[in-house]
Amino acid sequence: MRAVFLDRDGVILRDVGPTARQEDLVLLPRAALAIRRLNDSGYLVVVVSNQTVVARGLASEPDVVQAHQDLAQLLHAASGAIVNRFYFCPHHPNATLPVYRVACNCRKPRSGLFERAARELGIDLTDSFAIGDRPSDIAAGARVGCRTILVETGQHQAPPIEGAGPWATVQPAHTCPDLQAAVDLILGQRHGDAP
Ligand SMILES: [Mg+2]
Ligand SMILES: [Zn+2]
């Protein structure tokens, strides 16, 4: 299977900072339609996100799972769009809650969530795309061989999280104004020339 990995905040949803409240879930324009087009094209759609809201003790893991169910409903109501699987990292090296205070392998820019998805869903990572609004999204996707697309609907101008590791200078293969434009690019490549 091939997949398109999507970051959540700043890609599908407006980035309003760490939150799991239903009223903070606001779809970006055209995001639902973009996901629907991926559904129709045969790509799996997998959301991979860092949820520091859990590490900070502002929401529980079940709260995040509920937020993802709410998001799934919004997407479906808007365009009949489907996310095939949601994955998130609840950890942070400086977490408020000790149980989450670990240097995990799943917090982007690390690639643990991508690898887990590949294992569980049978995804060929080198035939897949990673779309995000931060350098850490791009680095995580590039690390596992995905083609990467930076979108300009979120924190694309913010400094890299967790300082400037060597990963912070990884350049996206493409930059697009939003998710819909990124999907145009993906679907165009599929039928056209090599990237
Ligand atoms: Mg983001
Ligand atoms: Zn983690």
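Strands β1 (residues 3-6) and β2 (residues 44-50) run parallel and are joined by four bridges; strands are DSSP runs of E, at least two residues long, numbered from the N terminus, and two strands pair if DSSP finds at least two bridges between them. The model is predicted, with local features requiring pLDDT of at least 70 and side-chain atom pairs pLDDT 80 or more, whereas totals for chains, interfaces and linings use all residues. Residues are numbered from 1 along each chain as its sequence is written, and chains are lettered from A and ligands numbered from 1 in the order in which they are written.

**Strand β1**
- Phe 5 has Val 46 as its bridge partner in β2.
- Three bridges pair β1 in the parallel sense with strand β4 (residues 129-132), where Phe 129 is the bridge partner of Val 4.
- Ala 3 and Phe 5 on one side of β1, and Val 4 and Leu 6 on the other, are all buried (20 or more other C-beta atoms within 10 Å of the residue's own, C-beta atoms being placed from the backbone).

**Helix α1**
- The buried residues of α1 (residues 31-41) are Ala 31, Ala 32, Ala 34, Ile 35 and Leu 38; helices are DSSP runs of H or I, at least four residues long.
- These buried residues fall within an arc of 160° seen down the axis of α1, so they line one face of the helix (the arc is that of the directions from the helix axis to the C-beta atoms).

Notes. A residue is buried if 20 or more other C-beta atoms lie within 10 Å of its own, exposed if 12 or fewer, and partly exposed in between; C-beta atoms are placed from the backbone.
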